[in-house]
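The entries are in the order I made them.

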Amino acid sequence: MAYGYAGVLLEVDLSREKTRVVELGDDVLERFIGGRGLGAYLLMREFHDRWERLDPLSPENPLYVLTGPLTGYYPGVKLLVTAKSPQSNGIVGSVLSSEVAIELRAAGLDGLVVRGAAKDPVYIYVENGEAEIRDAGHLWGLGGRATYRRLRDELYREYLARHLNRDGLPREPSFIYIGPAGENRVRTAAVMAKWVHAAGYGGYGAVMGSKMLKAIAVRGTGPMPRARWPGWVRHLIGEAWARLNKNALTKYWGTGLGAYMVAARTSSEPVRNWQEEWHANRNLAPQAFEAHWVKRYWGDYGCPSTCMKVSFLRNGRYAGSATDAPDYELQAYLGPNLGVQEPRAIIHLSYLADELGLCGIQTGNVLGFAAELYEKGVITSEDTGGIELRWGDAEAFARLMEAIARREGIGDLLAEGVYRAAKRICEEKGVDVTRYAVHVKGIGVGAHGVRSGKDFPAYSYPVGVQGGDHTSAPRLPVTRQWGEHWMTFVDSAVICAFNADTVLPFEFLKAITGWDVDMERWAHEHAKRIIAVQRIALLLGGPDAYWDPRRDDDLPPRFYEPLPSGPFKDRAPSREEVEEKKREYYAQVGWDSLGVPSDDTLEALGIGFLKDAAGRIRKRLSENGGG
Amino acid sequence: MIFILRDPHRCSGCRLCEVACSLRHEGTVFPEASRIRVIELVPGIDVPHLCAMCPDYPCQKACEREGYNAIRIDEATGAPIVDADKCTGCGACIRACPGKVPRLHPVTRKALICDLCGGEPACVAACQEAGYGALRVVPATDRDLFQLYATLPQFLVERLKETYYGEAAGEV
């Protein structure tokens with residue numbers, strides 16, 4: 001068996017109430033590594049001949065909860081969740097911080113796969129390789145904090161009774177869960193952990209909800225899987241700590257310096273649904289946010305960076321709101337993107353997103369979209385059930401967020417996410433609102449714009465296999481840090497991008513698994529292979545959305561409107577520039593002129609089984625003519 | 001003789017101490033076999049949990065009573081040292097500890113108690129180098145006070161909850 005792995009997944013079938021162990025071949029692990037790569041491969045191996053018919057919210061969609069060979073060894077803990085995405089209808093590798101990843105590795109598992117759907121609400125309890133399906137009727141309907149408290153209390157009582165006097169004090173239970181949004185199959189629902197951690201991109205909270213699965217708790221008591229060279233691993237951990245300990249500002253502010261910086265420095269922050277990308281509002285300074293922290297340094301297992309900061313509001317109209325930092329994405333999307341300029345209000349909205357189990361990015365995106373439609377008069381307070389969606393009115397946005405999570409009134413429409421909501425509004429109102437929908441392939445774009453040319457490259461989102469996901473946006477050359485190829489390593493080794501670079505994690509991979517892969521080789525073999533698998537899934541799409549690269553490998557229309565303000569006023573990418581770079585990217589990664597991985601590419605990457613699927617995509621595209 | 005002071009207000013919950021401990025004692029990352037634990041029952045509230053070196057060593061006495069004599073006290077550091085050959089994994093030391101600090105190794109089933117790494121604890125170094133200073137080594141001067149660290153984390157969590165989140169947060 002391969003070093004650095006358990007070599008097995010535990011499969012839990014909620015329909016048949018059965019569990020079994022799934023062996024992972026060494027060859028599969030070496031080619032797909034873990035996490036995102038492994039999940040994408042397993043999904044396509046099973047569904048390549050019928051992906052279009054697989055409804056992401058049906059029991060047939062398997063939910064993968066995965067670790068990677070570096071999880072637990074490399075500083076900082078991440079857990080990867082994937083399935084067919086109810087947002088893009090492709091495959092999104094979605095990560096959150098959760099000690100469930102460590103527990104899985106300690107339980108002798110590389111991950112879990114959940115199949116089927118329960119009739120009544122359940123949670124899964126895993127201990128050292130055994131799984132139980134348990135009733136979750138008492139947890140269904142609860143918000144994040146109450147879910148956390150009740151499940152923690154229940155599990156900890158059980159742990160104490162079993163272990164305290166026999167083998168000592170157990171650590172606190174680790175679990176992931178969904179809030180009301182996931183239960184209600186809101187397509188922008190996240191998988192949550194510890195109040196504030198969220199795997200948002202992809203919408204896998206809705207997939208858990210569709211399975212009536214409220215939570216997954218894991219307890220493992222073993223060591224991390226055996227490494228090829230343990231002494232070298234110990235040395236590397238020391239080296240990583242020494243380096244990361246020097247990242248003074250990451251530690252100090254986390255990404256919470258972004259609300260001011262990304263706007264003022266690079267003009268690439270969403271402001272009022274991306275109508276602008278610049279502000280220099282000193283009220284959004286990190287100094288203003290940190291004034292509300294009750295804890296400056298907060299981290300999960302093994303992370304020297306501790307970029308999370310606990311915000312808490314004790315008094316005033318938002319009393320009781322607690323969140324981490326908020327991090328930059330939520331600062332931006334629930335702040336300036338909604339015209340909200342007050343850190344307290346942003347903390348509250350961020351707390352509310354966590355509480356409801358909504359992805360803060362996708363939710364801020366769809367709320368901004370709705371507010372712009374309100375501003376333009378496309379929707380009125382009659383549509384919103386009386387909510388007056390004025391920029392900066394945090395209470396109005398809070399009410400709409402609740403309505404989305406509960407699918408009430410217009411919330412039911414917006415719960416479909418910005419792409420599907422826009423499509424329906426176009427049909428119902430007979431007005432073209434797609435120009436206000438800032439998404440790429442069904443996924444709202446992260447809070448990093450392209451128009452100033454100072455942040456993300458213009459061609460990045462259009463060709464990414466995870467749509468608007470800012471944590472998976474391609475860059476050229478493909479060996480660059482933060483580009484999609486590098487991110488596939490981070491997401492497949494399952495570590496935190498903020499702790500990684502282009503060298504050290506590969507040394508860990510070698511010391512742990514014995515496999516000699518550097519960034520160069522990773523980009524041209526593994527990443528290319530994983531991205532090809534994801535690209536095929538994305539272009540197969542279905543059953544309710546299909547993408548055409550000629551139309552959809554593009555920026556949202558808004559990103560072609562010149563910036564109206566700031567030091568980079570009037571800048572916008574040209575369509576020619578995006579088109580040209582797109583071609584260059586296709587050539588680099590071995591996709592044909594339609595943007596489909598060529599048969600030669602698939603063969604060379606050892607995934608020739610996808611040629612039929614690629615053929616189906618080409619057939620559909622040729623039947624559609626120019627798209 | 002030394003003592004590890006611990007400050008929950010400075011503890012980030014990062015568990016570098018646990019990683020350092022298991023690397024030192026087990027040669028790998030092994031959370032359940034770490035001699036020091038950080039317990040986080042409420043998000044953001046982190047309580048380091050490790051041996052408090054009670055001057056009367058109830059763990060050692062209990063082991064003696066059972067007739068195993070598997071715990072001796074290190075003269076230089078004052079740490080209780082478990083003799084794995086003599087330990088039967090009966091758990092008497094755990095039950096005798098006012099803080100339920102010892103645990104049984106999940107694989108060997110021998111008692112795990114902080115041995116202060118012979119005087120230079122790896123956990124403290126990790127915490128200090130990372131800049132948190134939640135753990136620090138001091139001379140073991142006031143052991144009648146230090147022994148009061150031997151308590152279940154819940155005892156402190158109730159109070160820390162009030163300080164961090166107060167009533168506004170409702171039940172957490």
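Below are my entries on the sheets, the helices, the core and the contact between the chains.

**Entry: before I start.** I'm working from a predicted model, so I keep that in mind throughout.

**Entry: the six-stranded sheet of chain A.** I began with the strand order. I get an open sheet of 6 strands in chain A, running S2-S1-S6-S3-S4-S5, with mixed pairing. I looked for the edges next: S2 (18-23) and S5 of chain A each pair on one side only. From one strand to the next I find an average twist of 20°.

I then picked one pair inside the sheet. Strand S1 (residues 8-13) and strand S6 (residues 111-115) of chain A run parallel, joined by 5 bridges. Looking across from A:Asp13, I land on A:Arg115 in S6(A).

**Entry: A:Gly4.** Is A:Gly4 buried or exposed? I count 31 other C-beta atoms within 10 Å, and the cut-off for buried is 20 or more, so A:Gly4 is buried. I listed what A:Gly4 touches, leaving out residues up to four places away in sequence: A:Pro69, A:Pro225, A:Ala227, A:Arg228, A:Ile512 and A:Thr513. I also noted A:Trp229, which is 225 residues from A:Gly4 along the chain, with 9.9 Å between the two C-alpha atoms.

**Entry: A:Pro86.** I went back to the sheet for a loop residue. A:Pro86 is in the loop between strand S4 (79-82) and strand S5 (94-96) of chain A. Skipping residues up to four places away in sequence, I have A:Pro86 touching A:Pro56, A:Leu57, A:Arg187, A:Gly203, A:Ala206 and A:Val207. Which residue did I note 456 places from A:Pro86 in sequence? That is A:Gly542, and their C-alpha atoms are 9.8 Å apart in space.

**Entry: the three-stranded sheet of chain A.** I moved on to the other sheet I wanted. It is open, has 3 strands in the order S13-S14-S15 of chain A, and its pairing is antiparallel. S13 and strand S15 (322-324) of chain A are the edge strands. I get an average twist of 15° between one strand and the next.

S14(A) and S15(A) pair in the antiparallel sense, and I count 3 bridges between them. For A:Ser311 I looked up the bridge partner in S15(A), and I found A:Thr323. I also asked what packs on this sheet: helix H12 (residues 343-356) of chain A does, touching S14 and S15 of chain A. The direction of H12(A) makes about 90° with that of S15(A).

**Entry: H13(A) against H16(A).** How do helix H13 (residues 360-375) and helix H16 (residues 417-429) of chain A pack? I have an angle of about 25°, with the axes 9 Å apart. The cut-off for roughly parallel is under 35 degrees, so I call H13(A) and H16(A) roughly parallel to each other. On the H13(A) side the contact is made by A:Gln362, A:Asn365, A:Val366 and A:Phe369, and on the H16(A) side by A:Gly417, A:Val418 and A:Ala421. I sorted those residues into 4 nonpolar, 3 polar and no charged.

**Entry: the core.** The largest nonpolar core has 282 residues. I looked up those with the most contacts inside it: A:Ile216, A:Leu358, A:Ala370 and A:Met401. Helix H20 (residues 519-540) of chain A gives the largest share of this core, 13 residues. I followed up on A:Met401, which touches A:Leu352, A:Ala353, A:Leu356, A:Leu358, A:Thr363 and A:Leu367, not counting residues up to four places away in sequence.

**Entry: chain A meets chain B.** The contact takes 43 residues from chain A and 42 residues from chain B. I checked which element gives the most on the chain A side: H4(A), with 7 residues. That side divides into 22 nonpolar, 10 polar and 11 charged residues.

**Entry: H1 of chain B.** My last stop was helix H1 (residues 16-26) of chain B, where I found 8 of the 11 residues buried. Among them are B:Leu16, B:Cys17 and B:Leu23. What covers the buried residues includes helix H7 (230-244) of chain A, along with strand S2 (37-42) and helix H4 (122-129) of chain B. Just after H1(B) I noted B:Gly27, which takes a positive phi of about 80°.

How values were computed
Residues numbered from 1 in each chain as written. Chains lettered and ligands numbered in written order. Predicted model: local features only at pLDDT ≥ 70, side-chain atom pairs only at ≥ 80, totals over all residues. Buried ≥ 20, exposed ≤ 12 C-beta atoms within 10 Å, placed from the backbone. Helix = DSSP H or I, 4+ residues; strand = E, 2+ residues; numbered from the N terminus. Contact = placed C-beta atoms within 7 Å. Nonpolar A, V, L, I, M, F, W, Y, C, P; charged D, E, K, R; others polar. Axes fitted to C-alpha atoms, helices over the stretch in contact; angles between N-to-C directions. Parallel < 35°, antiparallel > 145°, perpendicular 65-115°, else oblique. Core = buried A, V, L, I, M, F, W, Y, C linked by C-beta atoms within 7 Å. Pairing = 2+ DSSP bridges.
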